[in-house]
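User: I'd like to go through this model with you, a few questions at a time. Can we start once it's on screen?

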Amino acid sequence: MRCAWCSAEPLYVDYHDREWGVPVHSDGRLFEMLCLEGAQAGLSWLTILRKREHYRRAFEGFDPQRMARYGARERARLLADPGIVRNRLKIEAFIANARAYLELGGAPGDFDRYLWGFTRGRSVRRRPLYLDEVAASSPESDALSRDLKRRGFKFVGTTICHAFMQAVGIYDEHQRYCWVTKARA
């Protein structure tokens, strides 16, 4: 059995089984996931998962150095790209997030330490029994959201931040009956 939110869609099952809730400490992967969680706003995560590889190509591997320099030509290219969600505000947010990421620090591990610092470097494990007990936010996601916004990040409300924290293992909320819970015990 898997968490109730995971449909039978093979891409979703693979994401649930191999990625969701697994601690991530790569600055690049953390940056990518924060951007993609923002892209999900108002959409299903499955929509973004289906487009993830194209997002990686469109945003040059989520290289913040390159993204931060995007000008009018790159913005126009992205707005015309059918492989991503063509929402001007979300595209602008990715670029703003790249700039804010660079301002936060450029040394390897800076972003990792910053994000994981909201839980003192540890995964918070919760094992809800029912789907409606899975949190949509937390005091940690509230604090992260406030601080990211203060630093210039966009599309980082507390719900997006909590979903991000779950995705990258800062919060591990696999349901009690999920096979992953037993495998990670």
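Analyst: Helices (H or I, at least four residues) and strands (E, at least two) are DSSP runs, numbered from the N terminus. This is a predicted model, where local features need pLDDT of at least 70 and side-chain atom pairs count only at pLDDT 80 or more, while totals for chains, interfaces and linings use all residues. Residues are numbered from 1 along each chain as its sequence is written, and side-chain values use heavy atoms, with hydrogens and water left out.

User: Which side chain makes a polar contact with the side chain of D17?

Analyst: D17 sits in helix α1. Leaving out residues up to four places away in sequence, D17 touches R2 and W179 (contact means heavy atoms within 4.5 Å). A polar contact is a pair of N or O atoms within 3.5 Å; within protein, one must be able to donate a hydrogen and the other to accept it, and residues adjacent in sequence count only if both atoms are side-chain atoms. At 2.7 Å, the partner is R2.

User: Is D17 buried or exposed?

Analyst: Buried means under 20% relative accessible area, exposed over 50%, partly exposed in between (1.4 Å probe, protein chains only). D17 has 19% relative accessibility, so the class is buried.

User: Which residues does R52 touch, not counting residues up to four places away in sequence?

Analyst: R52 lies in helix α3, residues 45-58. With 10% relative accessibility, R52 counts as buried. Its contacts, by that count, are E19, R29, E32, M33 and L36.

User: How many salt bridges does a search of the whole structure find?

Analyst: The criterion is a side-chain nitrogen of Lys or Arg within 4 Å of a carboxyl oxygen of Asp or Glu. One of them pairs E60 with R66, the closest N and O atoms being 3.1 Å apart. The whole-structure search gives 17.

User: What is the N to O distance in the salt bridge of D147 and R150?

Analyst: Both residues lie in helix α8 (residues 139-150), three residues apart, about one turn of the helix. D147 is buried at 14% relative accessibility, whereas R150 is exposed at 59%. Their side chains meet at 2.8 Å.

User: And which helix holds both R113 and D110?

Analyst: These two also meet in a salt bridge, 2.9 Å from N to O. R113 is exposed at 52% relative accessibility, and D110 is partly exposed at 23%. They are three residues apart, about one turn, in helix α7.
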